[in-house]
Amino acid sequence: MPHEQVKLVGPIVRDPELAEALITAIEVDNPGVEVMVDNRGGYIRIHTPQRCRITRSSLQEALGRSISLTQIEPDLVSFAGRIRYDEDELLFYLERED
């Protein structure tokens, strides 16, 4: 399916260090899923088709330090899809599959 027809979800952040860690965490937490990155200079879109899961443990491993998922909020410029999170997992998703 061409990318223009695929509905994408995921975070849009402005901190390049956090973006790199999120990309790594998303690749670990979403095996086999294409991770699309669009660096616009002032912000970086990180998207996957339909569903994007990020766990605190994967993000901490990628950053090399402890972090709570609420700590990314100041650098979270926006996001695509709906968002649900608890202290161990952040999930971007589409409510509908069409």
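Select R82 to begin. R82 is partly exposed, with a relative accessible area of 44%. Keep in mind that this is a predicted model. The side chains of R82 and E95 meet in a salt bridge, 3.3 Å from N to O. R82 belongs to strand β6 and E95 to the segment after β7, so the pair ties together parts that are 13 residues apart in sequence. E95 is exposed, at 57% relative accessible area.

Next, select G81. G81 sits in the loop between β5 (76–80) and β6. Its relative accessible area is 34%, so G81 counts as partly exposed. Which residues touch G81, leaving aside its neighbours within four places in sequence? Show V9, Y93 and L94: these are its contacts. Then pick the C-alpha atoms of G81 and L8. They are separated by 7.3 Å, yet the two residues are 73 apart along the chain.

Stay with strand β6 (residues 82–85) and select I83. I83 has 30% relative accessibility and counts as partly exposed. Together with I83 they make a nonpolar surface patch of about 260 Å².

Move on to E89 and R53. Their salt bridge has its closest N and O atoms 2.4 Å apart. E89 lies in strand β7 (residues 89–93) and R53 in strand β4 (residues 51–55), so this pair ties together parts that are 36 residues apart in sequence. Both are partly exposed: E89 at 24% relative accessibility, R53 at 27%.

Keep R53 on screen and select D29. D29 is placed in helix α1 (residues 16–29). What is the nearest side chain of opposite charge to D29, and how far away is it? It is R53, at 4.5 Å. D29 is buried yet has no salt bridge. A salt bridge needs the nitrogen and the carboxyl oxygen within 4 Å. Now show T55. Its backbone nitrogen lies 2.6 Å from a polar atom of the D29 side chain. Beyond its neighbours within four places in sequence, D29 is in contact with R53, I54, T55 and S58.

Go to D15, in the loop between β1 (8–13) and α1. D15 is partly exposed, at 25% relative accessibility. A polar atom of its side chain lies 2.9 Å from the backbone nitrogen of E17.

Last stop: D38 and R40. Their side chains meet in a salt bridge, 2.7 Å from N to O. D38 is partly exposed at 27%, whereas R40 is exposed at 52%. The structure holds 5 salt bridges.

Technical notes:
Residues numbered from 1 in each chain as written. Predicted model: local features only at pLDDT ≥ 70, side-chain atom pairs only at ≥ 80, totals over all residues. Heavy atoms only, no water. Helix = DSSP H or I, 4+ residues; strand = E, 2+ residues; numbered from the N terminus. Buried < 20%, exposed > 50% of the residue type's maximum accessible area, 1.4 Å probe, protein only. Lys, Arg positive; Asp, Glu negative; His and termini not counted. Polar contact = N/O pair within 3.5 Å; in protein donor to acceptor, adjacent residues only side chain to side chain. Contact = heavy atoms within 4.5 Å. Patch = residues over 30% accessible without salt bridge, like charges linked within 9 Å, V, L, I, M, F, W, Y side chains within 5 Å. Areas by Shrake-Rupley, 256 points an atom, 1.4 Å probe, with all protein chains shown as cover.
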